[in-house]
Amino acid sequence: MKKIILCSLALSLFMGSCSSQKGSSKDYVSKYIGTINQEELKKHLYIVASDEMEGRNTGEPGQKKAGEYIISEYKKMGISYPKGADSFYQKVPSEFMVRAFSPKLNDSENIWAYIEGSEKPDEVLVISAHYDHVGMKNGEIYNGADDDGSGTVALLEIAQAFMDAKKAGHGPKRSILFLHVTGEEHGLHGSRYYSEHPLFPLKNTIADINIDMIGRRDPAHKDNGNYVYVIGSDRLSTDLHNINEEANKKYVNLLLDYKYNDRNDPEKIYYRSDHYNFAKHGIPAIFFFNGVHEDYHQPGDTPDKIEYDLLEKRARLAFATAWELANRPNRPVVDKNGE
């Protein structure tokens, strides 16, 4: 009888241990998601979208200055540029960005930072946002705080959360490439350049999480900002769609609005941000967006109009989704044709 009791006790302890390990992923998300906070997002955004950056037009001094700030923050975190690269920059030449009836652009750069995976380092999750905006017009600065300063600073905070986890021994199993792309406003040039000149084989890229405008609300949600538009999550992978839905239910509880994911969406938003240059290569992609507001591409898109509590929640959702993608046993299955 004693032997049976002892065996039962041992089994119970073992099962308890297994149960604890099974729940550890959620515990880690709960721990590190809290490092993404309004105060740090605001601090970064008041710099990235300041008048000093002169609207961050592609290839111009203000954008390059913003890029230097982004890189300085990665260095502070202890996050380096990816293996196989010789700096934080991927040059995007002027001639690549030529487009009919568009102004000639100067040479510019994508900026990349990288955390190597502990178990599946050759599989790469990309988290992207564009750090350019439209510059100055008639002497007025178009600060681009929401578009896409909000996504830019969200990437910095998400990277910090993953790095904090890594320093504590809980680093991602897959590698993560934090990709700040240039030239989005002039034709998705930076993400197109990366997709045609990838540092890591596209076949090894498991998904792209793209963040473009997550700091404000649109007129359709003027009475309740607790939402985010989700675009593209189900176009290529049922897994990706379900992962994001579950992450939202567990950690954030935003209303996930799929209006712009409608195949008949007249605005065709699915084709208008950087995720599309991954999706068109068969890589599952999800795009987080707050919709268009009265200051879209206007000089009034300034940091003081950002709702930092909303920016925090949306950045946290992107992090929770990224955590699951980076750590789950299998990469998301491509079971759709992208349409």
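First, the ground rules. The model is predicted, so to speak of local features we need pLDDT of at least 70, and side-chain atom pairs count only at pLDDT 80 or more, while totals for chains, interfaces and linings use all residues. Residues are numbered from 1 along each chain as its sequence is written, and side-chain values use heavy atoms, with hydrogens and water left out.

Let's start with strand 10. Strand 10 spans 285-289. Helices here are DSSP runs of H or I with at least four residues, strands are runs of E with at least two, and both are numbered from the N terminus. Five of the five residues of strand 10 are buried, so the strand is largely enclosed by the rest of the structure. Buried means under 20% relative accessible area, exposed means over 50%, and partly exposed is in between, with a 1.4 Å probe and protein chains only.

Look at the two faces. In a regular strand, side chains alternate between the two faces of the sheet. Ala285, Phe287 and Phe289 sit on one side of strand 10, and Ile286 and Phe288 on the other. Both faces are covered.

Which strands pair with strand 10? Strand 7 does, in the parallel sense, over four bridges. Strand 8 does too, antiparallel, with three bridges. Pairing requires that DSSP finds at least two bridges between two strands. Two partners to click on: Asp208 bridges to Ala285 in strand 10, and Ile231 bridges to Phe287.

Of its 22 lining residues, the closest to the centre are Glu184, Leu188, Arg272, Ser273 and Tyr296. Helix 8 (276-279) and strand 10 are the elements that give two or more residues to the lining. By class, the lining has nine nonpolar, five polar and eight charged residues.

A word on method. The search uses a 1 Å grid over the protein atoms alone; a pocket is an open set of points with protein on both sides within 12 Å along at least five of seven lines, and lining residues have an atom within 4 Å of a point. Nonpolar covers Ala, Val, Leu, Ile, Met, Phe, Trp, Tyr, Cys and Pro; charged covers Asp, Glu, Lys and Arg; the others, Gly among them, are polar.

Next, the backbone. Most residues other than glycine have a negative phi, and most peptide bonds are trans. Leu188, from the pocket lining, has a positive phi of about 55°. Leu188 lies in the loop between strand 6 (174-181) and helix 6 (189-196). Leu188 is buried, at 13% relative accessible area. Met213 also has a positive phi, near 75°. Its loop runs between strand 7 (205-211) and strand 8 (227-231). Met213 is buried at 3% relative accessibility.

Where is the cis peptide bond? From Asp147 to Asp148, with omega near -10°. Asp148 lies in helix 5, residues 145-167. Helix 5 has 23 residues and reaches 31 Å from first C-alpha to last, close to the 33 Å expected at 1.5 Å a residue. That expected span is 1.5 Å times one less than the number of residues. Helix 5 is mostly covered, with 19 of its 23 residues buried. Just after helix 5, Gly169 takes a positive phi of about 90°.

Contact means heavy atoms within 4.5 Å, and the contacts I list leave out residues up to four places away in sequence.

Leu240 is in helix 7, residues 238-251. Leu240 is buried, at 0%. Its contacts are Ser233, Pro284, Ala285, Ile286, Leu325 and Pro332. Ala285 and Ile286 bring us back to strand 10.

Asn248 lies in helix 7 as well. Asn248 is buried at 6%. Asn248 touches Asn253, Leu254, Leu256 and Leu317.

Gly67 lies in helix 4, residues 61-77. Buried or exposed? Gly67 is buried, at 0% relative accessibility. Gly67 touches Ile111 and Tyr131. From Gly67 to Leu255 is 188 residues in sequence and 33 Å in space, C-alpha to C-alpha.

Terms used. 1 Å grid on protein atoms, 1.4 Å probe; cavity = no way out; pocket = protein on both sides within 12 Å on 5 of 7 lines; lining within 4 Å.
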